[in-house]
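Subject: Structure handover

Hello,

Here is the structure for you to look through. My notes follow below it.

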Amino acid sequence: MEFNNDLNFYDLDRSKPPKSKHSKDVPFPEFFESKSSNGIDVIVIEDNSLPVISVRFVFKAGSYFDEGKTGLSSFVTDMLSKGTDEMTATEIAEKIDYYGATLSYGTDSDANFISIYTLEKYFDKVFNIVSSILNKPSFKEEEIERLRIQKVNSIKSMKDESDYLSNRAFKSRVYGDSPYAMPVEGLTDSVSKINRDDIYEYYVNNFTPSNLIVAFVGNISPEIAMTYIENNFGSQSTVDIAEIKNAFSFKPIVTPEVLIVNKKDAVQSSLKIGQLSVSRKEADFFPVYIMNNILGGSFTSRINYNLREKNGFTYGARSYFEFNKFAGDFSVETEVKTGITAAAISEILKELNVMRNEFVTDEELTSMKNYITGNFPLQLETPNSIASKVISLKLYDLENDFYSRYISNVNKVTKEQIKDAAV
Amino acid sequence: MTIDLDFRQYTLENGLKIILHQNKKNPLINLTLGYKVGSKNEKPGKKGIAHLFEHMMFQGSENVDRSGHFKSVQNAGGLCNAFTMQDLTVYFETLPSGQLETALWLESDRMNALNISEENLANQKSVVIEEKKQRYDNSPYGTANLNIYKNIFKGTPYESPVIGFENDINSFSVNEAIEFHNKFYSPANSVLILTGDFQEENALNLIKKYFGNIENKNSPDALNNFEYENIEKTNSLIVEDKITLPAMYLCFKASALGSETEFSIEFIANLLANNKSSRLYKKLVYEKNLAKSVYVAPLLLKYGGVVYIKTLLYDKSNFEEVEKIIIDELNDLYINKINDDEIMKIKNEVEFAEIQSLTSVKSISLNTLMCEYYYGSPDFLNKKAQKYLSIYDADIKKTLDEVFINKNIFKMYYIPEKK
């Protein structure tokens with residue numbers, strides 16, 4: 001079709017940015033939540049626009065519960081799909097792939113995740129597979145050895161990456177003797193020692209109904225979702241988990257330190273500069289979030305502007321808070337030209353000092369609030385991204401109205417609070 | 001499965017192609033501008049210019065100051081980015097639907113006239129050179145694609161990597177940048193895609209308002225010289241890299257996008273690798289513990305293509321054995337009937353992937369652009385899934401014959417540097 005429009009030419013003044021229209025307010029969508037008879041937290045976000053369903057199983061455990069066997073939590077999660085009492089590893093893979101579905105899993109410091117994503121028409125079959133994986137893993141010795149080879153080699157090759165090395169050095173200094181100091185996937189030595197008893201014990205203690213959050217998203221009603229949970233997971237007895245004790249103490253670094261990891265012939269220096277911070281629940285989230293976005297959390301941030309757009313030291317520089325359940329850290333990360341490493345460090349320290357000692361400008365604050373509030377609907381575009389947010393409420397014990405009050409809380413933040421957040 | 005998206009297509013008098021697709025599910029819009037320029041349009045000695053130029057598009061235009069593009073999009077609550085490939089350079093922003101006019105103002109201003117200074121250009125050269133180091137030079141196996149293109153596409157504009165070469169990047173002048181803009185960033189050389197929540201007549205009027213009076217200052221040179229040789233028999237390369245695990249790449253010459261073979265190439269890739277039930281994964285990774293991973297990557301472009309099979313091995317003494325297993329498996333696919341379940345599996349995977357590609361306004365826009373550019377119409381997005389679903393054993397065998405069976409292979413080996 002040809003564009004055929006004989007409207008007169010508009011009077012266009014390119015020098016003036018158009019006035020933006022007020023965006024529609026987007027409330028955080030309603031979601032169903034309930035508990036199964038044996039204590040599983042169930043969330044359902046029904047969305048019938050596409051014939052697909054995803055289900056995420058999140059166990060509140062993670063590598064924090066490795067108990068000195070670094071890498072154990074991750075090893076157990078990876079083992080679940082390597083055979084059950086009913087199916088071999090190959091049969092599981094073949095069935096999942098046959099239905100065109102995906103089965104993914106992973107571990108972080110505070111949780112173990114397993115998820116399925118499938119066409120609605122194969123949902124029942126795919127759900128039965130994941131049910132078998134979670135309820136009846138066989139942990140065969142042969143599969144343990146196979147996974148061990150893969151993991152050990154994987155850890156060895158991670159050392160090829162300079163950001164792995166800087167991250168590792170940083171975490172082990174900041175988090176002292178706590179499990180947060182260790183990489184989730186473990187170390188070659190520790191993974192070499194993990195045995196079947198360790199695996200089984202971790203599984204029994206941590207993959208329990210009372211530790212579990214399940215989120216259904218897509219073409220499924222809450223009633224049907226609850227039926228699936230009751231039928232497949234409802235008969236497991238509730239294990240009273242021992243009161244989670246924060247057995248580790250976290251100590252901030254008092255005097256500045258420099259750690260150097262030498263990587264021969266590297267053409268860039270990988271920098272990580274930061275400090276211990278607080279846990280997700282302790283954090284004064286909104287001032288901290290806005291402060292970090294202005295400092296280094298966005299493309300237009302001060303640190304990225306300084307290092308990239310002003311100085312051309314790097315392709316990019318960013319800062320972020322990594323909040324775990326019991327502690328967190330703040331860091332600035334970048335890869336810079338080797339020759340200007342010292343200059344880059346001093347620019348980063350300068351930006352950190354300015355943020356600590358001076359107020360942000362009104363323009364910076366308004367612009368960042370506009371961004372965060374205006375961007376909220378983008379973060380709710382897909383039902384899966386909504387699910388991630390709801391899961392985080394449960395995982396970190398946050399208030400249920402956190403997201404419905406999100407925009408008003410962002411708008412309330414003051415320059416004074418931002419300065420306080422930068423300490 | 002049927003995918004039935006409605007596209008409205010228009011062409012302005014200056015040649016700008018417009019494709020609108022309404023989707024009112026969320027109060028969002030995505031505006032995507034695709035320019036038909038990429039590393040394929042670069043001259044010798046100027047490799048990496050198309051990508052460097054993409055950076056310059058964010059450095060200010062006639063009425064938008066240097067950080068203005070990102071700042072305006074951010075203020076509007078949106079996200080924006082861009083990427084450069086061999087064939088195309090693509091810019092996109094997703095915003096709340098009330099911000100459509102801001103997006104059009106920003107994109108039209110930088111199509112109309114840029115504001116390139118010596119200082120900005122020098123700064124972005126430095127940024128791009130650090131990008132090159134971070135993503136390629138300092139990254140394990142980071143030079144593999146460069147070596148594959150250099151060998152497979154020898155003698156064509158595809159032989160250089162999109163990121164380019166340091167000396168070439170440094171040689172780009174302000175005048176050349178302006179000339180590049182005049183030549184390639186014209187309305188007639190671009191496609192505008194708008195997806196999401198908007199009112200059609202209003203959107204069209206706004207597009208005409210902002211883009212209607214942009215002139216074509218120059219037209220791109222015609223491209224030829226995409227004839228390239230078949231792979232010679234003895235062609236192989238050993239590269240020492242700072243890596244722990246050795247890697248083997250078996251590379252096959254393939255056809256350009258738009259030929260009948262591309263859909264069955266995707267099938268072959270998934271039958272062989274890319275998931276845990278695939279033939280090579282089961283043999284190499286699971287049963288024999290010879291490899292950590294294996295995957296098949298088809299890289300099909302407008303004027304030519306390559307398919308490579310990358311295996312990450314535990315030990316370089318196994319290169320030969322692994323290669324033999326791969327070749328045997330290709331031959332087995334060719335000689336023996338592939339059972340229906342195996343083919344059905346790929347069809348289910350494709351169906352799921354096609355549906356997933358429609359979950360965000362950004363991915364709908366980008367898919368629409370690719371269909372328009374490579375297949376001449378956005379409506380191809382509605383037909384693509386059907387193409388996959390009509391692949392059978394015979395189609396796969398035909399493609400195996402054309403691309404893989406008894407063909408010369410470019411073999412590349414990445415081995416750990418001697419300490």
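**A loop residue to start with**

Leaving aside residues up to four places away in sequence, A:Ala181 touches A:Lys171, A:Ser172, A:Tyr175 and A:Gly176. Contact here means that the C-beta atoms of two residues, placed from the backbone, lie within 7 Å. A:Ala181 is found in the loop between helix 5 and helix 6 (188-193) of chain A. Helices are DSSP runs of H or I with at least four residues, strands are runs of E with at least two, and both are numbered from the N terminus. (Buried takes 20 or more other C-beta atoms within 10 Å of the residue's own, exposed 12 or fewer, and partly exposed is in between; C-beta atoms are placed from the backbone.) A:Tyr64 is 117 residues away along the chain, and its C-alpha atom is 9.7 Å from that of A:Ala181.

**Provenance**

This is a predicted model: local features need pLDDT of at least 70, side-chain atom pairs count only at pLDDT 80 or more, and totals for chains, interfaces and linings use all residues. Residues are numbered from 1 along each chain as its sequence is written, while chains are lettered from A and ligands numbered from 1 in the order in which they are written.

**Domains of chain A**

Chain A is divided into domain 1 (32-233) and domain 2 (268-421). The bounds come from an automatic or database domain assignment. The C-alpha centres of the two domains lie 29 Å apart. 24 residues of domain 1 are in contact with 21 residues of domain 2. On the domain 1 side, strand 2 (41-46), strand 3 (52-59), helix 5 (162-174) and strand 6 (212-218) of chain A each supply at least two residues. Helix 5 of chain A gives the most, with 6 residues. By class, that side of domain 1 has 12 nonpolar, 6 polar and 6 charged residues. (Ala, Val, Leu, Ile, Met, Phe, Trp, Tyr, Cys and Pro count as nonpolar, Asp, Glu, Lys and Arg as charged, and the others, Gly among them, as polar.)

**Chain B**

Chain B has 15 helices and 11 strands. Of its 419 residues, 49% count as buried. The C-alpha trace of chain B spans about 60 × 50 × 35 Å along its principal axes.

An open sheet of 6 strands in chain B has the order 1-2-6-3-5-4, with mixed pairing. Two strands pair if DSSP finds at least two bridges between them. Strand 1 (8-11) and strand 4 (79-84) of chain B stand at the edges with a single partner strand each, so one side of each has no neighbour in the sheet. Strand 3 (residues 28-35) and strand 6 (residues 190-196) of chain B pair in the antiparallel sense over 7 bridges. B:Gly34 stands opposite B:Val191 in strand 6 of chain B.

**Where the chains meet**

66 residues of chain A are in contact with 64 residues of chain B. Which helix of chain A gives the most to the side that touches chain B? Helix 12 of chain A does, with 8 residues. By class, the side of chain A that touches chain B has 25 nonpolar, 24 polar and 17 charged residues. Helix 12 (residues 362-379) of chain A lies across strand 3, strand 4 and strand 5 (89-96) of chain B. (Axes are lines fitted to C-alpha atoms, for helices over the stretch in contact, and angles run from 0 to 180 degrees between N-to-C directions.)

Best wishes
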